[in-house]
Amino acid sequence: MSHLAGVRLQLRRKDCINTIALVDVFQTVWIAGWKQKEHPMLHNALHLGDQLLSVAGKPVTCSTDAHKLIRAWPSLYVSIVFFFFILVQ
């Protein structure tokens with residue numbers, strides 16, 4: 001699970017297709033939400049505001065590329081690396 005750049009998750013490919021809302025901000029990709037009713041298990045893996053760094057070992061700079069990489073991945077599971085910020089008050 002631990003990765004040099006962030007947290008690496010193995011997610012089922014079919015749970016990621018047409019499910020995860022990604023937004024582009026300054027050539028970075030962020031998690032904006034997901035279809036929680038249809039895929040409740042993503043609640044344990046994703047967090048609003050997580051930064052998406054790579055999909056299947058390839059760095060991503062836009063949400064379109066991320067979705068294309070997920071769709072094109074031939075395996076049942078796809079490796080996704082996230083970076084998330086922890087706010088401490």
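Guide: Gln27 lies in the loop between β3 and β4. The model is a predicted one.

Visitor: Why does Gln27 count as exposed?

Guide: The relative accessibility of Gln27 is 67%. The word exposed applies over 50%, so Gln27 qualifies.

Visitor: What makes the phi of Gln27 worth a remark?

Guide: Phi of Gln27 is near 60°, which is a positive value in a residue other than glycine. Phe26 is found in that loop between β3 and β4 as well, and its phi, near 50°, is also positive in a residue other than glycine.

Visitor: Is Phe26 buried or exposed, and how do you know?

Guide: Phe26 has 82% relative accessibility. The cut-off for exposed is over 50%, so Phe26 counts as exposed.

Visitor: What makes Val23, Val25 and Phe26 a patch?

Guide: A patch takes residues with over 30% relative accessible area, and nonpolar side chains are joined within 5 Å. Phe26 has 82% and Val23 has 36%, so both pass the 30% limit. Together with Val25 they form a nonpolar patch on the surface, with about 320 Å² of accessible area.

Visitor: Why is Val23 called partly exposed?

Guide: Val23, in strand β3 (residues 20-25), has a relative accessible area of 36%. Buried needs under 20% and exposed needs over 50%; the value for Val23 lies in between, so the term is partly exposed.

Visitor: What makes the pair Asp15 and Arg12 a salt bridge?

Guide: Their side chains meet at 2.7 Å, N to O. The limit is 4 Å between a side-chain nitrogen of Lys or Arg and a carboxyl oxygen of Asp or Glu, so the pair qualifies. The structure holds 1 salt bridge.

Visitor: How do you know that the buried residues of α2 line one face of the helix?

Guide: In helix α2 (residues 63-72), the buried residues are Ser63, Ala66 and Ile70. Seen down the axis of α2, they fall within an arc of 60°, so they line one face. Lys68 and Ala72, on the other side of α2, are exposed.

Visitor: What covers the buried residues of α2?

Guide: The cover includes α1 (13-16), β3, β4 (28-34), β5 (51-55) and β7 (77-83).

Visitor: Why is Gln51 called buried?

Guide: Gln51 is found in strand β5, and its relative accessible area is 14%. Leaving aside neighbours within four places in sequence, Gln51 is in contact with Thr28, Val29, Trp30, Val81, Phe82 and Phe83.

Visitor: Why does Ser54 count as buried?

Guide: Ser54 also lies in strand β5. Its relative accessibility is 13%, which is under 20%, so Ser54 counts as buried. Not counting residues up to four places away in sequence, Ser54 touches Pro59, Val60, Ser79, Ile80 and Val81.

Visitor: Why does Gly6 count as buried?

Guide: Gly6, in strand β2, has 15% relative accessibility. That is under the 20% cut-off, so Gly6 is buried. Gly6 and Leu53 are 47 residues apart in sequence, yet their C-alpha atoms are 8.2 Å apart in space.

Visitor: Which residues of the largest nonpolar core touch the most other members?

Guide: Leu11, Leu46, Leu52, Val55 and Ile80 do, in a core of 21 residues. At least two residues of this core come from each of β2 (6-12), β3, β4, β5, α2 and β7. Val55 touches Val60, Ala66, Leu69, Ile70, Val78 and Ser79, not counting residues up to four places away in sequence.

Visitor: Where do these elements stand in the order of the protein chain?

Guide: From the N terminus on, the order is β-β-α-β-β-β-β-α-β, made of 2 helices and 7 strands.

Visitor: How many residues does the protein chain have, and what share of them count as buried?

Guide: There are 89 residues, of which 36% count as buried. The protein chain exposes about 5,900 Å², with 60% of it supplied by carbon and sulfur atoms.

Terms used: Residues numbered from 1 in each chain as written. Predicted model: local features only at pLDDT ≥ 70, side-chain atom pairs only at ≥ 80, totals over all residues. Heavy atoms only, no water. Patch = residues over 30% accessible without salt bridge, like charges linked within 9 Å, V, L, I, M, F, W, Y side chains within 5 Å. Areas by Shrake-Rupley, 256 points an atom, 1.4 Å probe, with all protein chains shown as cover. Helix = DSSP H or I, 4+ residues; strand = E, 2+ residues; numbered from the N terminus. Buried < 20%, exposed > 50% of the residue type's maximum accessible area, 1.4 Å probe, protein only. Arc of directions from axis to C-beta. Contact = heavy atoms within 4.5 Å. Core = buried A, V, L, I, M, F, W, Y, C linked by side-chain atoms within 4.5 Å.
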